[in-house]
Amino acid sequence: MKKHLTRFAKIAISALLLGLIISRMNAENVLQTLRAVDLRFALAALAVSHLDRILQAGKWWLLLRQSGQQLPLRIAIANTYVGNFAGLFLPASVGGDFVRVFLLKAFPIQMSEVVASIVVERVFGVLALVFTAAGALLLADTAGVQVPEPVRWLVLPVFGGLLVAIAASFRLRSGIPAFVLRLGERFHLQRRLESLTGSYRRYGKRKIAILTYFALSVLEVLTVTVIFLLFARAVGIPLPPAAAVVMVPVTLFVQRLPISVGGLGVSEGTLTWFLVSFGFDLDRAVALALLSRANELLTLLPGAVGWLAMRRRGAAEAASGPPKSLPGNH
């Protein structure tokens with residue numbers, strides 16, 4: 001019952017925010033803006049979007065290598081595309097991550113290391129978003145960009161709180177590992193979860209690997225910002241780079257909160273709120289938000305192909321009988 005209520009609440013929030021945007025926009029102006037899109041900038045943004053996915057996969061691949069797990073880079077890229085695509089439709093906010101783990105079960109690598117690397121990826125990815133937004137606030141002041149006041153009192157405290165929480169999470173008796181171990185005792189999964197928390201804690205000792213991953217995550221946030229700036233140019237919005245570096249990380253952070261269906265409505269609402277706060281036209285802002293959403297779907301088309309291939313393979317294996325166990329797959 002609780003699960004259904006949570007899902008209904010997410011659908012309601014997405015529908016409410018989308019309805020609010022639709023009620024305030026002029027549909028004809030939005031369509032006119034979309035028809036006049038400069039395809040040069042739009043196609044450039046689509047190309048950079050694929051570079052961003054490859055960067056996302058590459059930095060995760062480096063994390064796995066640091067833990068001694070050998071996985072071909074092309075598999076890591078395919079895994080990222082399929083997981084991102086699945087995450088658009090699965091009800092849980094981490095549904096795409098479950099798919100990524102499932103796809104790797106056929107490879108002779110330790111699942112505890114895979115799960116731990118994805119947890120690190122999630123945690124430091126969020127930290128990179130808030131760190132970039134915090135740095136951009138200083139840049140915005142220097143550039144004379146007026147940032148909405150609620151963003152100022154939100155970003156810096158969140159950044160400080162994340163730093164403390166992440167540092168504590170690498171200690172066995174506190175934070176995430178302690179919670180996971182208590183959960184394991186309750187459900188009689190202590191041995192497996194001890195392996196998982198051990199894999200996670202070891203990342204706390206790989207300082208070079210963590211710092212490299214964090215730097216690449218900040219680079220990825222800046223790459224997404226470039227994509228957004230290109231789309232802004234495509235619809236004729238002269239958005240200052242300093243403003244984009246503030247709004248994009250904050251929007252991505254809010255989009256990741258498990259309060260809507262795939263960030264639908266939340267992302268569009270946050271983007272339009274920012275752009276209107278910066279003095280841009282609502283209809284043009286809505287067109288930019290829609291273009292960004294369409295770009296996300298187009299970018300993940302390779303993931304859709306991989307998802308269909310995975311389902312066909314699963315159906316073929318089910319028809320031929322249970323699969324043979326592979327060495328190292330525990």
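These are my notebook entries on what I looked up in this predicted model.

**Entry: ground rules**

I am working with a predicted model, where local features need pLDDT of at least 70, side-chain atom pairs count only at pLDDT 80 or more, and totals for chains, interfaces and linings use all residues. I number residues from 1 along each chain as its sequence is written, and side-chain values use heavy atoms, with hydrogens and water left out.

**Entry: the overall picture**

I looked up the secondary structure and found 14 helices and zero strands. Helices here are DSSP runs of H or I with at least four residues, strands are runs of E with at least two, and numbering starts at the N terminus. I then looked up burial, where buried means under 20% relative accessible area, exposed means over 50%, and partly exposed lies in between (1.4 Å probe, protein chains only). Of the 330 residues in the protein, 46% are buried.

Next came contacts, meaning heavy atoms within 4.5 Å. I took the contacts between residues at least 6 apart in sequence, and 74% of these join residues at least 24 apart.

**Entry: how confident is the model?**

I checked pLDDT, the predictor's confidence in each residue, from 0 to 100. The protein averages 82, and 84% of the residues score at least 70. Which elements have the lowest and the highest mean pLDDT? Helix 8 (residues 175-186) has the lowest at 48, while helix 2 (residues 27-35) has the highest at 95.

I also marked two stretches to read with care. Over residues 174-181 pLDDT stays under 50, and the model has 20 contacts beyond four places in sequence for them. Residues 322-330 stay under 50 as well, with seven such contacts.

**Entry: helix 12 beside helix 13**

I turned to helix 12 (residues 266-277) and helix 13, whose axes come within 9 Å and cross at roughly 145 degrees. Axes are lines fitted to C-alpha atoms, for helices over the stretch in contact, and angles run from 0 to 180 degrees between N-to-C directions. The crossing is right-handed; that term applies if the near helix is turned clockwise from the far one by less than a right angle, and left-handed if anticlockwise.

I noted the residues that meet here. Helix 12 brings residues including Glu 268, Leu 271 and Leu 275, and helix 13 brings residues including Ala 285, Leu 288 and Arg 293.

Which residue forms a salt bridge with Glu 268? I found Arg 293, with the closest N and O atoms 2.7 Å apart. The two partners sit 25 residues apart, Arg 293 in helix 13 and Glu 268 in helix 12. A salt bridge is a side-chain nitrogen of Lys or Arg within 4 Å of a carboxyl oxygen of Asp or Glu. Arg 293 is buried at 14% relative accessible area, and Glu 268 is buried at 6%.

**Entry: the loop in between**

I looked at Phe 278, in the loop between helix 12 and helix 13. Phe 278 counts as buried because its relative accessibility is 18%. Beyond four places in sequence, its contacts include Val 145, Pro 148, Leu 239 and Met 247.

**Entry: a buried charge**

Asp 283 is buried yet has no salt bridge, and the nearest side chain of opposite charge, Arg 284, is 8.6 Å away. For charges, Lys and Arg count as positive and Asp and Glu as negative, while His and the chain ends are not counted. Leaving aside neighbours within four places in sequence, Asp 283 touches Met 25, Asn 26, Asn 29 and Val 30.

**Entry: other salt bridges**

I counted nine salt bridges. One of them joins Arg 202 and Glu 113 at 3.0 Å, N to O. This pair links helix 9 (residues 190-203) with helix 6 (residues 111-143), 89 residues apart. Glu 113 is buried at 3% relative accessibility, whereas Arg 202 is partly exposed at 37%.

Asp 38 and Arg 40 also meet in a salt bridge, at 2.8 Å, N to O. Is Arg 40 buried or exposed? Arg 40 is exposed, with a relative accessible area of 63%. I also found a network of salt bridges linking Asp 97, Arg 100, Glu 121 and Arg 122.

**Entry: the end of helix 3**

I finished with Gln 66, in helix 3 (residues 39-66). Gln 66 is partly exposed at 47% relative accessibility. Gln 66 and Ala 209 are 143 residues apart along the chain, yet their C-alpha atoms are separated by 6.9 Å. Gln 66 touches Arg 206 and Ala 209, not counting residues up to four places away in sequence.
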